[in-house]
Amino acid sequence: MRTGDFAAWTRRFEDEREQRRAQGDPEWTRGATLHPAVWASIQRFQVGENGDGANLVGKAVQAGDDDYVRAVRLFVAEEQNHARLLARLLAAGGVPTLTGHWSDTLFVRLRRLLGLRVELLVLVVAEVVAVRYYRALRDGADDPLTSEVAGRILADEQRHIPFHCERLRASLAELPRALRRPTMALWQLLLLAASLIVATNHGPALRRLGLGRLRFMADTAASSGPVTAAVLAPSKKALPSAP
């Protein structure tokens, strides 16, 4: 991968960081009122957002692209900010954070099995699922503070997918051509499995947000096509912007 391909992403992450600083935090004193099932769902997503990203950064360093490393560090900082926002939202509703959850432990272990390529494939699964979840939370929460927090996180997650797709496109190009489509077919199966787990574990919350389990899975699956096409495309012009 050419040095400089991710310089533009670094600038974009930096611009977003400055915009967040200028915007400031939501007005936490408004408080938040949600159904217990939705609070429990947010607790679990907060655990998933709350990581130091050291493993991903380490693999990015090994890839040997300084611009990419800087962009990854900024991506990790955005994810950590999501965890902070969700923790503050929980506090605004008088709900504690969790110290851990089995689904997050499973996801982290899966990500760390092999190198950067596998880490990113699993990470994009999480991002695609998160986009549909946070859209449901933004539109269906019927709570102004929750909708604002979910909208901020959603905007970030929508940018993260094309960022990861760009690196994956270059990474899969290093594989023999015959292995590229099967790799993405396996990724789509992983996405289906992840959406099933989320639909099962967060079903009561999704229903409260106006989204049934099957609809959540169908919408998530529909996002896999543009992502697969972007990763397999010969040109980064095909990268998705906001699934």
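Both Asp-219 and Arg-132 are buried, where buried means under 20% relative accessible area, exposed over 50%, and partly exposed in between (1.4 Å probe, protein chains only). Select these two residues to begin the tour. The side chains of Asp-219 and Arg-132 form a salt bridge with an N to O distance of 2.9 Å; a salt bridge is a side-chain nitrogen of Lys or Arg within 4 Å of a carboxyl oxygen of Asp or Glu. This pair links distant parts of the chain, for Asp-219 lies in helix α10 (residues 213-222) and Arg-132 in helix α6, 87 residues apart. Helices (H or I, at least four residues) are DSSP runs, numbered from the N terminus.

The model is predicted: local features need pLDDT of at least 70, side-chain atom pairs count only at pLDDT 80 or more, and totals for chains, interfaces and linings use all residues. Residues are numbered from 1 along each chain as its sequence is written, and side-chain values use heavy atoms, with hydrogens and water left out.

**Second stop: Arg-117 and its partners**

Select Arg-117 next. Which residue meets the side chain of Arg-117 in a salt bridge? The partner is Glu-174, at 3.7 Å from N to O. Here too the pair links distant parts of the chain: Arg-117 belongs to helix α6 (residues 116-140), whereas Glu-174 lies in the loop between α7 and α8 (177-201), 57 residues apart. Arg-117 counts as partly exposed because its relative accessibility is 25%. Glu-174, at 57%, counts as exposed.

Ser-171 is located in helix α7 (residues 144-172). Its side chain and that of Arg-117 are joined by a polar contact of 2.8 Å; such a contact is a pair of N or O atoms within 3.5 Å, and within protein one must be able to donate a hydrogen and the other to accept it, while residues adjacent in sequence count only if both atoms are side-chain atoms. Is Ser-171 buried or exposed? Ser-171 is buried, because its relative accessible area is 7%.

Select Glu-148 and Arg-152. These residues form a salt bridge whose closest N and O atoms are 2.9 Å apart. They are separated by about one helical turn, because they stand four residues apart in helix α7. Glu-148 counts as partly exposed at 26% relative accessibility, and Arg-152 counts as buried at 18%.

**Last stop: a network**

Finally, select Glu-16, Arg-20, Glu-78, Asp-156 and Arg-159, which salt bridges with shared partners join into one network. In the whole structure, a search finds 16 salt bridges.

How values were computed: Helices (H or I, at least four residues) and strands (E, at least two) are DSSP runs, numbered from the N terminus.
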